[in-house]
Amino acid sequence: MKVQDMDGQFFGLMSTSTCMITVKDSNDNAPTFKQNTYEASVEENAYNVEILRIPIEDKDLINTANWRANFTILKGNENGHFKISTDKETNEGVLYVVKPLNYEENHQVILEIGVNNEAPFTRDVALRMATMNRALVTVHVRDQDEGPECSPAAQYVRIKENSAVGSKVNGYKAYDPETNSGSRL
């Protein structure tokens, strides 16, 4: 920057200085999913396993609160089978099964996932953005052959003293979870 007195006349005194202007990033770019739909699969009864990584795009300055994504499961997780977190290195959503799924009850689950940033959007961008970006994830549950189960899991039976050997006391029901058919033991 140059400053000169005497209305800039050649005989005026002059001085120069350096000004540093720092432009800071504002959160003016929303994170967006690279696709509208995703698919994953998981074995029934599996839990604490990663099943899907969901990449996003965000044009804000990398490794800032304006760029870092926050993922949310908006619908489909009413029974608490899933959780989603953010990989701090890649900024991807990482979807996990945290509670076992049962193929016989549900062959697939459809989740609605939302994403926004750690930092709030700038005011003018917030006006243009009606809602957070969303994507659907279809999780296919793969069937596993399961052994028979007893119902109830524990049963107490009273037997009279000196009962005859081979006396019928009480039935105990076992069933095959694959076919839901049962028999008395």
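Author: T138 is buried, with a relative accessible area of 16%. Buried means under 20% relative accessible area, exposed over 50%, and partly exposed in between, with a 1.4 Å probe and protein chains only. The model is predicted, so local features need pLDDT of at least 70, side-chain atom pairs count only at pLDDT 80 or more, and totals for chains, interfaces and linings use all residues. Residues are numbered from 1 along each chain as its sequence is written, and side-chain values use heavy atoms, with hydrogens and water left out.

Reader: Where is the place of T138, and with which residues is T138 in contact, leaving aside its neighbours within four places in sequence?

Author: T138 belongs to strand 11. Contact means heavy atoms within 4.5 Å. Beyond its neighbours within four places in sequence, T138 touches Y38, E39, A40, Q108, V109 and I110.

Reader: How many helices and strands are there in the protein chain, and what share of its residues count as buried?

Author: Helices (H or I, at least four residues) and strands (E, at least two) are DSSP runs, numbered from the N terminus. The protein chain has one helix and 14 strands. Of its 185 residues, 27% count as buried. Among contacts with a separation of 6 or more, 63% are between residues 24 or more positions apart.

Reader: In which sense do strand 10 and strand 11 pair, and how do strand 4 and strand 11 run?

Author: Two strands pair if DSSP finds at least two bridges between them. Strand 10 and strand 11 are antiparallel, with eight bridges. Strand 4 and strand 11 run parallel and are joined by seven bridges. L136 of strand 11 can be followed in both pairings: E112 stands opposite L136, and L136 is also the bridge partner of T37.

Reader: Which residues touch the most other members of the largest nonpolar core?

Author: In soluble globular proteins, nonpolar side chains tend to be buried together. A nonpolar core is a set of buried Ala, Val, Leu, Ile, Met, Phe, Trp, Tyr and Cys residues joined through side-chain atoms within 4.5 Å. Here the largest core has 24 residues, and F33, I51, F82, L95, L111, I113 and V137 touch the most other members. At least two residues of this core come from each of strand 4 (37-43), strand 5 (49-54), strand 7 (69-75), strand 8 (82-86), strand 9 (93-97), strand 10 (108-117) and strand 11 (133-142).

Reader: How many salt bridges does the count come to, and which residue forms a salt bridge with E92?

Author: Side chains of opposite charge can pair when their charged atoms come close. A salt bridge is a side-chain nitrogen of Lys or Arg within 4 Å of a carboxyl oxygen of Asp or Glu. The count comes to seven salt bridges. E92 pairs with R53, their closest N and O atoms being 2.9 Å apart. This pair links distant parts of the chain, since E92 is in the loop between strand 8 and strand 9 and R53 is in strand 5, 39 residues apart. E92 is buried at 18% relative accessible area, whereas R53 is partly exposed at 33%. E50, R53, D87 and E92 are linked in a network of salt bridges.

Reader: Which residue meets E112 in a salt bridge?

Author: The side chain of R134 meets that of E112, with 2.9 Å from N to O. R134 lies in strand 11 and E112 in strand 10, so this pair links distant parts of the chain, 22 residues apart. R134 is partly exposed, at 37% relative accessible area, whereas E112 is buried, at 14%.

Reader: Which residues make a nonpolar surface patch of about 410 Å²?

Author: Patches are made of residues with over 30% relative accessible area and no salt bridge: like charges are joined within 9 Å, nonpolar side chains (Val, Leu, Ile, Met, Phe, Trp, Tyr) within 5 Å. Accessible areas come from the Shrake-Rupley method with a 1.4 Å probe; for residues, only the protein chains shown count as cover. M6, F10 and F11 make this patch. M6 sits in the loop between strand 1 (2-4) and strand 2 (14-16) and is partly exposed, at 46% relative accessibility.

Reader: What phi does N45 have?

Author: Most residues other than glycine have a negative phi. N45 has a positive phi of about 75° although it is not a glycine. N45 is in the loop between strand 4 and strand 5.
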